[in-house]
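This report describes selected features of one protein model. Please keep the sequence and the structure in view while reading.

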Amino acid sequence: MVLSLLGPHLSWLRWVPLVLPLLAALEAWLRLRRGLAYDWKSYWASLGDALGRGLVGLVLGSGVAGVVLLAVHQVRLTTLAMDAPWEWALLFVGQEACYYAMHRAGHRIRWFWVNHCVHHSPEQYTLASAYRLGWTAQLTGQALFFAPLVWLGFPVPAVLGALALNLLYQFWLHTELIGVLPRWIEYVFNTPAHHRVHHASNPEYLDCNYGGVLIVFDRMFGSFRAQLPGVPPRYGLVEPLHSHHPVRIALHGWRGLWADLRRVRSPGQALRTLFGPPGFKPGG
């Protein structure tokens, strides 16, 4: 798995998948105590997705991500020893920029959306949805977005470790139990308030707030949106997926893509179906 490339300093991340479902169950208890409903079927569907992703990782090993990044490492411009604070600071900012680009592409390019839509399929916004990430990220080639960091000289374990910590940070964002934080935090960092808007399927909220740890790139590139007064987020996909079956959840994006590809009538339509916005439909 990709974790095998992280190195001994981040070996503790192997235990994270065991802890996150327990924290999600704790959130369920807190929601119920506050009189809020909890969708246990969605909880088990997310757990099934995570287990399936683990099995895929065991079969594929480091997969496309490891192969691509190790290949780029062979032609890197320089070698950064990562023994100075500025190198780690630069890696953090660079990783955030690459993650922003990857996440934005995941919403605007259908080839990447077919896997990322799995993460947006829950219709209730809870911590369990944080680890519903799909099974086919390696197939779509998302690792290419982080290849520039390796080419510049950052070690592969450092790049993957920074990404793993980025994703771990985002776990706590997937909850309705935390309100709006102090203004300076909301201005710089990605927060539950920002990420709730990102997960909303309301027309007013589509395609925004792509940041990982930081929200500053969204502010820089015009993709930031705050929740509007009187417009609560409606979670789930624009075309809802009414299923709790992990296999159907993992593959429904690919099934839709294949169905649309069967309707194309020209190479241009095929390219737009594969690499255009997810909302493009061949023939109208």
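M82 is placed in the loop between α3 and α4. Helices are DSSP runs of H or I with at least four residues, strands are runs of E with at least two, and both are numbered from the N terminus. Although M82 is not a glycine, its phi is positive, at about 60°. Most residues other than glycine have a negative phi.

D207, also not a glycine, has a positive phi of about 60°. D207 is found in the loop between α10 (192–198) and α11 (216–221). Its relative accessibility is 26%, so D207 counts as partly exposed.

## Basis and confidence of the model

The model is predicted: local features need pLDDT of at least 70, side-chain atom pairs count only at pLDDT 80 or more, and totals for chains, interfaces and linings use all residues. Residues are numbered from 1 along each chain as its sequence is written, and side-chain values use heavy atoms, with hydrogens and water left out.

The predictor's confidence in each residue is given by pLDDT, from 0 to 100. The protein has a mean pLDDT of 93, and 94% of its residues reach 70 or more. Over residues 1–6, pLDDT stays under 50, and the model has 20 contacts beyond four places in sequence for these residues; a contact means heavy atoms within 4.5 Å. Where pLDDT is low, the predicted coordinates should not be read in detail.

## The nonpolar cores

A nonpolar core is a set of buried Ala, Val, Leu, Ile, Met, Phe, Trp, Tyr and Cys residues joined through side-chain atoms within 4.5 Å. The largest has 20 residues, of which L69, L91, F146, L149, V150, F154 and V159 touch the most other members. Two or more residues of this core come from each of α3 (63–73), α4, α7 (147–152) and α8 (156–169). With six residues, α8 gives the most to this core.

Beyond four places in sequence, F146 touches L69, Q95, C98, Y99, M102, V159 and L163. A second, separate core has eleven residues, including A24, A28, L127 and F171.

## The second largest pocket

On a 1 Å grid over the protein atoms alone, a pocket is an open set of points where a 1.4 Å probe fits, with protein on both sides within 12 Å along at least five of seven lines; lining residues have an atom within 4 Å of a point. The second largest pocket holds about 720 Å³ of space, where volume is the space filled by probe spheres set on the points, which are joined across faces, edges and corners. Among its 29 lining residues, W113, L237, V238, E239 and P278 are the closest to its centre.

The elements α4 (85–108), α5 (110–116) and α12 (246–261) give two or more residues to this lining. Of these, α12 gives the most, with five residues.

## Two further buried residues

H252 lies in helix α12 and, at 18% relative accessibility, counts as buried. Apart from neighbours within four places in sequence, H252 is in contact with C117, L237 and L241.

G48 belongs to helix α2 (residues 40–60) and counts as buried at 18% relative accessibility. Beyond four places in sequence, G48 touches W135 and P246. The C-alpha atoms of G48 and P246 are separated by 5.6 Å, although the two residues are 198 residues apart along the chain.

How values were computed. Buried < 20%, exposed > 50% of the residue type's maximum accessible area, 1.4 Å probe, protein only.
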